[in-house]
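The exercises below are to be worked with the sequence and the coordinates open. Each task is followed by a solution in steps.

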Amino acid sequence: MAGAPLDLVQLSAGVVLAGAVLALWRRDLRALTSVLALQGCALATLAIVLAVHNGAVGLGVVAGVVLVAKGFVIPGLLARAVRAAPGSRETAPLVNVPASLVAAAVLVVLSYVVAGPLTALFPSPLTRLAPLGLATVLLGFFVLVTRRKAVSQIVGLLLVDNGVALVAFLLTAGVPLLVELGTSLDVLLVVVVLQVLATAMRARFGQFDLDQLRELHD
Amino acid sequence: MSATAYLTGLGAAGIAAVLGALLPTRWRLLGAMVPGALACLAALVGSGQVLLSGRSFSLHVAQVLPFTGIDLSLDPLGALFVATTAIVGLAASCYSVGYGAHRAPGRTATATVPAFLATLLLVPAAASVATFMVAWELMALTSLLALLTEHRQRPETRDAAQWYAGMTHAGAAAVLLGLVLLAAHAGGQSFAAIAAHRGRLSAPVASAVFVLTALGFASKAGAVPLHVWLPRAHPEAPSPVSALMSGAMVNLGVYGILRTGQDLLGGGQLWWWLLVAALGVASAFFGALHAAASTDVKRLLAYSTVDNVGLVLVGVGAAGALAAGGERVPAGLVLLAALFHLVNHALFKGCLFLGAGALQQATGTRDLDRLGGLARRMPVTAALFAVAALSISALPGLNGFASEWLLLEGLLHGFASRSSLTDAALLAGVAVFAVTGGLTATAFVKAVGVGFLGRARSEAARSALEVRPSMLAGGGLLAGGCVVLGVVPGVAVPVLDRAVAATLAGGAPGAVRAGLGLDLASLDGAIAPALLVEGLLAAAIVSWGVLRLFPRGAGLRRPRRSEAWGCGQEPQSARTEITATSFAEPLQRVFADVLRPDHDLEVTHADESRYFPEAISFHQRIDDAVERVAYGPVIGVVARWGRLARRGPNGSVHRYLGLGFAALVLILVFLA
């Protein structure tokens, strides 16, 4: 693969990672949902380009599923939850934004170092992009750890999932349709469950902060 | 043919477990126990053919277990254990029909007993490391579930199950390590390949394998100091399961030691077997002592299992030591005696546990101090319990006597061997026989005397009713076995001889001549219990007749009837009777340093004067000293670490996620 398709793939992968960094930077929860929608569209673009280039019908269907689920349905659901809640800002993250961005830089470097052996297995322009996916996974996990709001937690989880999907597309030229359908549905279900949880929490405690759930241990 | 019968048995036991889990409540009990009993019969036929013909079978099924497949092989040693299990299993299945019937049987009870039975039948036939470990772990799992059957009725069961799970898991880990090490060095995982390689193993590797596996198997066998689970688990399990655990599962620990030590490693070194004998001596003494001091009838039986396994281990260790020293004939004799005692122990201890279950069902308690007078209320149970108790106390005419006599003869004939260490072990074995013989008799005089004779000590004992016929049939089968093997012990000799020949690398079979009695072929000594029994019967009949015909001449004017344990005085109330606690009291004083009883005496005085007590209550607990000394500190350290670790997770989701993230990043950094 070379030329315009490759550029498009590289651009999409870059957008996915940039979305993850944006999610760390922006504290407005509405902005986070737009970031997710952007990421979903970028992933779908990447999958479509790969499908057209390889002439794979199954991958094309997967791309469609990704576009619908990750580009529209899930961010839409999230946006609805955010609109319903009044205080829609991540006010006091456990790690502040500048420190988060520094940590993000460290994590991206780490993923490049770790993914070295992985790309060395089968060096190609596509596999060289795999560290971007790994970095997205790590950043998503970082969001999970450091952000307090329930919606931010969902966003973190979706970032991890997008990162995994990106790695899968880049390394294996697409996962089987059935697997992708399964994971998409899984993620959709998780989002719905978390949304219900968030609503219930707000009704009970008047806020989204997960640290209020401390009594639940043992 | 033998393979078909054996596999039919395994399959039937599996079907029984499935039926027990799936059938509706009404049919569940019969649907599980009838196929279970048939499974035992089929397995008995299969293993009996192997034992009688001496021809073993082996087969390989590739599809069942990924990568390795399943290897099954039944040689006379394995067949002896399968046959013993089958007999105990037959009795337990029969007994379960009545035992479960007094209330709606739960799925756990009806499914786990046949499943446990199936795994017990499977273990001795496993012929590769993978098959053996799978069967071994399945046995641990099913027995744990069976043990937990009555956890809703008795919360202590959960505590017992935790101990059992911990000990059996640790033991299985040690066995797995040992066998994997063995397979790696022998260049194959099937037992045949390992056995073919046995001379070429380096000594340190062989020793490491033996010590690891022997410790693992000893924990299953309940040898001191690895016995701590046994006096907890055996009393808390439902009685058919207790009988299977004590009569069959514990044996498999001994089987494991014999299989690895003698068959796979080919005998090995002297010190291995001295170690086994030392474990045996400690178990026999400690178990017998605790049995004599216990007042809970099932706890008493459990400690007595520790005692008897100890005696068998003394025999196994002595046989191994003698064989390692080249004394072939005494080695064969001692091993034959040890295997004979193992079979006998399965019979009488199975019968005793089934009897204890009948007691518990009829009276709702296992505490001997609350029983009494049951011989009149439950005559058949009492008779069966008494036969087994006489048998375990090694009285002539019953099977316990035959095997203990043989074992003692073997130990004595082994003296003046080439190694002074072996001689010392044999001497210790003889001494422990003397001590445990007395202690066991005390324990069972107490169990029968206090439990069945005298007067009822509680309302429950006063109104007890005889249990169902199916339960009595189960116990009767085992008691019948005790009598047959006691009167004509010689019939077991050819079968045992085959097992010895298949096991002992350096030992000679044929140490005992086949016949009705026991006749040591090349050594001095013979007994014929049949003659003894005939003589005793004749003497009893003659004296009864003489007394009947000439009552005056014998000095008996008017026969005076009085209650047993009444000290000749009547009428007396149950409160003045001797209790289990008071019966064991002198012994407790003598062995106070080992038993360390905790007394708790509360005296309430009358308001008017301190000199007139109003009520006195006395409680006594005898905890396991080994558990307190050896396990207490370990558990304390683990609990401290646990408390320390609990400070980390404080309920914050972010902290949990952070720990996971930190672990992921650390692993990635480590990989990079």
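A residue counts as buried when its relative accessible area is under 20%. The model used here is a predicted one.

**Exercise 1. State which residues of helix H20 of chain B are buried, and list elements that cover them.**

Step 1. Helix H20 of chain B spans residues 493–503.
Step 2. With the cut-off of under 20%, the buried residues in this helix are Val493(B), Val495(B), Leu496(B), Asp497(B), Ala499(B), Val500(B) and Thr503(B).
Step 3. The cover over the buried residues of H20(B) includes helix H2 (25–53), helix H3 (76–99), H10, helix H13 (328–363), S3 and S4, which belong to chain B.

**Exercise 2. Describe the sheet that contains S3 and S4 of chain B.**

Step 1. The order is S3-S4-S5 in chain B, an open sheet of 3 strands with antiparallel pairing.
Step 2. Strand S3 (512–513) and strand S5 (526–527) of chain B are the edges, as each pairs on one side only.
Step 3. S3(B) is joined to strand S4 (residues 518–520) of chain B by 2 bridges.
Step 4. Across this pairing, Arg513(B) stands opposite Asp519(B).

**Exercise 3. Trace the salt bridges of Arg154(B) and state what they connect.**

Step 1. Side chains of opposite charge can pair when their charged atoms come close. The cut-off applied is within 4 Å between a side-chain nitrogen of Lys or Arg and a carboxyl oxygen of Asp or Glu.
Step 2. Between Arg154(B) and Glu150(B) the closest N and O atoms are 3.0 Å apart, and the pair forms a salt bridge. Arg154(B) and Glu150(B) are both buried.
Step 3. Arg154(B) also forms a salt bridge with Glu236(B), where the closest N and O atoms are 2.8 Å apart. Glu236(B) lies in helix H9 (residues 230–236) of chain B and Arg154(B) in the loop between helix H5 (129–147) and helix H6 (156–186), so this pair ties together parts that are 82 residues apart in sequence. Glu236(B) is buried, as is Arg154(B).

**Exercise 4. Characterise the interface between chain B and chain A.**

Step 1. In contact are 17 residues of chain B and 20 residues of chain A.
Step 2. The two chains bury about 1,500 Å² between them, with 74% of it on carbon and sulfur atoms.
Step 3. Between chain B and chain A there are 0 salt bridges, and 2 residue pairs are in polar contact.
Step 4. On the side of chain B that touches chain A, helix H25 (residues 653–671) gives the most, with 11 residues.
Step 5. By class, this side of chain B has 10 nonpolar, 6 polar and 1 charged residues.

Key
Residues are numbered from 1 along each chain as its sequence is written. Chains are lettered from A and ligands numbered from 1 in the order in which they are written. This is a predicted model: local features need pLDDT of at least 70, side-chain atom pairs count only at pLDDT 80 or more; totals for chains, interfaces and linings use all residues. Side-chain values use heavy atoms; hydrogens and water are left out. Buried means under 20% relative accessible area, exposed over 50%, partly exposed in between (1.4 Å probe, protein chains only). Helices (H or I, at least four residues) and strands (E, at least two) are DSSP runs, numbered from the N terminus. Contact means heavy atoms within 4.5 Å. Buried area is the accessible area (1.4 Å probe) that two parts lose on being put together, summed over both. A polar contact is a pair of N or O atoms within 3.5 Å; within protein, one must be able to donate a hydrogen and the other to accept it, and residues adjacent in sequence count only if both atoms are side-chain atoms. Ala, Val, Leu, Ile, Met, Phe, Trp, Tyr, Cys and Pro count as nonpolar, Asp, Glu, Lys and Arg as charged, and the others, Gly among them, as polar. Two strands pair if DSSP finds at least two bridges between them.
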